[in-house]
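Reader: Please show me how to read a few features of a model. I would like the general idea, then the case at hand.

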Amino acid sequence: MAKTPWYKEMAIYQIWVRSFCDGNGDGIGDLWGVLSKLDYIQRLGVDAIWFSPLYPSPNADFGYDISDYKNIHPDYGDLELFKQVLDGAHQRGLRVFMDLVVNHSSDEHPWFLESKKGKDNPYHDYYYWRPGREIRGLRRPPNNWTSLFEGGAWEYDKDLDEYYLHLFAKKQPDLNMHNPRVRQEVKDILRFWLDLGVDGFREDVVTFIAKAEGLPDCHPWIPIGNGMKYYSNLPQAHEFLMEFKRDVLDRYDCFTVGESPMTTPETALRYVTEGEEQVLDEMIAFSHMEADCLATDMIRRPFNLRKMKKAFTDWQMKLQGKAWNALYIENHDHPRIISRYGSERYHDESGKMLAAMYILQRGTPFIYQGQEIGMTNLRLRSTEQYPDVMTQNAVRLLSKILPKKQVLKTIQEGARDNARSPVQWSAEKNAGFTTGEPWFTVNDNYTVINAAAQEEDPDSLLDFYRRLLRFRKEHPVVLWGDYVEHMPESKDLYVYERNYEGKKLLVICSFTDKQLRFEAPGGVELEEKALVLGNYETNFVIANGFTTRPYELRVYLFG
Ligand code: GLC
Ligand code: CA
């Protein structure tokens, strides 16, 4: 079946189910909870839900370590309940996408358990098992790669006298995608969910699925992610994805978005350029999420707006006319955006500004649970209170170079646990997330920041998200317009326009509490009646410009 471009018009809501809504009172979010919130999601004005992994998992990486690809984690429900959620979503016009995590499985997956049994076991070659090397009389791993989550990339197994590769945590052994039987398994998984009725996949670290022949040593050596050039964006990754597409995905009317750490627009275009070679509909980029850190959220830097703008503009311009962007500012892998690029002090103002800033660009907007009500970072008192494996790895590494206080501050600002605190539904106990004991700390500010309070308030952030998504749908200039940036050198203002069939949308975002004089770009006459969205009540124009208020947003529509 030919692909229809429905995915270009949609907006996606991401659910990290464990912290979304607990329906059975055990303190863990689940699919009963999701069922009870489908109306809420529909009312937000999105068109689809992407579920972070719902599968059985020992939770070494909260579901990104899968022990059964064709089932639902008992904490979240079962397949029958999932089917109800799926039907309920479809009835409300919401599509449903699953997370596909096949770069690695859990070490508790039956394939891995089999693969350890012996070198002649038929599953042995499902993973990268290699003998060690002897260096100066000592047993050493097969190469010098380091994992992204937990020290070296190899783990030794005594019985086999071999090591297995894990690019992430130890409990996430990499699957050997070069083995045709593994690819067959992946295709079976895809078919299983598509036949059940799901509408597509978000494909986890999909640019890592091929590894260089011989798994060579990498130089120079770095303590995290060493070896990346031998497993990131290899030509075979594209080949494997092409095989999945030809053999399975093309037979369904479905959507795929890849996730690709460290990717540039140039490398992403290999996968997403529309035409014969396209293997994914969109790619989740990272560069715009690095404006207050260095390559990882765990190396903190002061927020640099120019860095953020450069990243957005780069992707907008390079994909224009060729491919479609995935737009996001929050997900389960990053701290909350208001605490990073906005201001907790100007909570609503900056929340609205940030929402419009990215949703009015060209692409498919993703909204992460709780983002629509402006949830903010947690500030836990000790690093031990942050459960994520990546966070704990950062604590270990940072503790070698920074004093304890500094480590805690870094974790408070940079941990992805910040995005994983329970969703704040109401001012009731535990933010209305659960009637039991929540599995993870609820942010103290739930009495002020919660969905119920915002439902009542026509001026709330939640309501603004709804208006914004409606506006996007109703205005072809937002969906299809070209993107042009103004004032790229400004350190405080982000200004861009979109143009389509004689219409012009001008988006002005202030990223500061300072008052600044803004002047309309040449050829544009700021008229009050052209103002379509903003985050302050009054919007005077003086001499074709205005003085910005803290985190001010103004959106003008002309033509
Ligand atoms: C992706 C996921 C992240 C996970 C990692 C390993 O980056 O988004 O949550 O930890 O892959 O699967
Ligand atoms: Ca539960």
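Reader: Are Phe 82 and Trp 193 buried or exposed?

Author: Buried means under 20% relative accessible area, exposed over 50%, partly exposed in between (1.4 Å probe, protein chains only). Phe 82 is buried, and Trp 193 is too. Some ground rules: this is a predicted model, where local features need pLDDT of at least 70, side-chain atom pairs count only at pLDDT 80 or more, and totals for chains, interfaces and linings use all residues. Residues are numbered from 1 along each chain as written, chains are lettered from A and ligands numbered from 1 in written order, and side-chain values use heavy atoms, without hydrogens and water.

Reader: How many aromatic pairs does the whole structure hold?

Author: Rings of Phe, Tyr and Trp (its six-membered ring) pair if their centres lie within 6.5 Å; planes under 30 degrees apart are stacked, over 60 edge-to-face, the rest tilted. The search finds 37 pairs. In one of them, the ring centres of Phe 82 and Trp 193 are 5.4 Å apart with planes at 85°, so the pair is edge-to-face.

Reader: Which residues share an aromatic cluster with Phe 82 and Trp 193?

Author: Among them are Phe 51, Tyr 55, Trp 111 and Tyr 123. Tyr 123 also has the charged end of Arg 181 over its ring, 5.4 Å from the centre. The test is NZ of Lys or CZ of Arg within 6 Å of the ring centre and within 35 degrees of the ring normal. Lys 37 lies over the face of Trp 425, at 4.0 Å.

Reader: Which protein atoms are donors to the calcium ion (ligand 2)?

Author: Donors are N, O and S atoms within 2.8 Å of the metal (3.2 Å for Na, K and Ca); water is not among the atoms, so sites may look incomplete. Here they are Asp 22 (OD), Asn 24 (OD1), Asp 26 (OD), Ile 28 (O) and Asp 30 (OD), at 2.2 to 2.3 Å. Their sequence spacing is D-x1-N-x1-D-x1-I-x1-D.

Reader: Is Asp 22 buried or exposed?

Author: Asp 22 is buried, at 8% relative accessible area. Asn 24 is partly exposed, at 41%.
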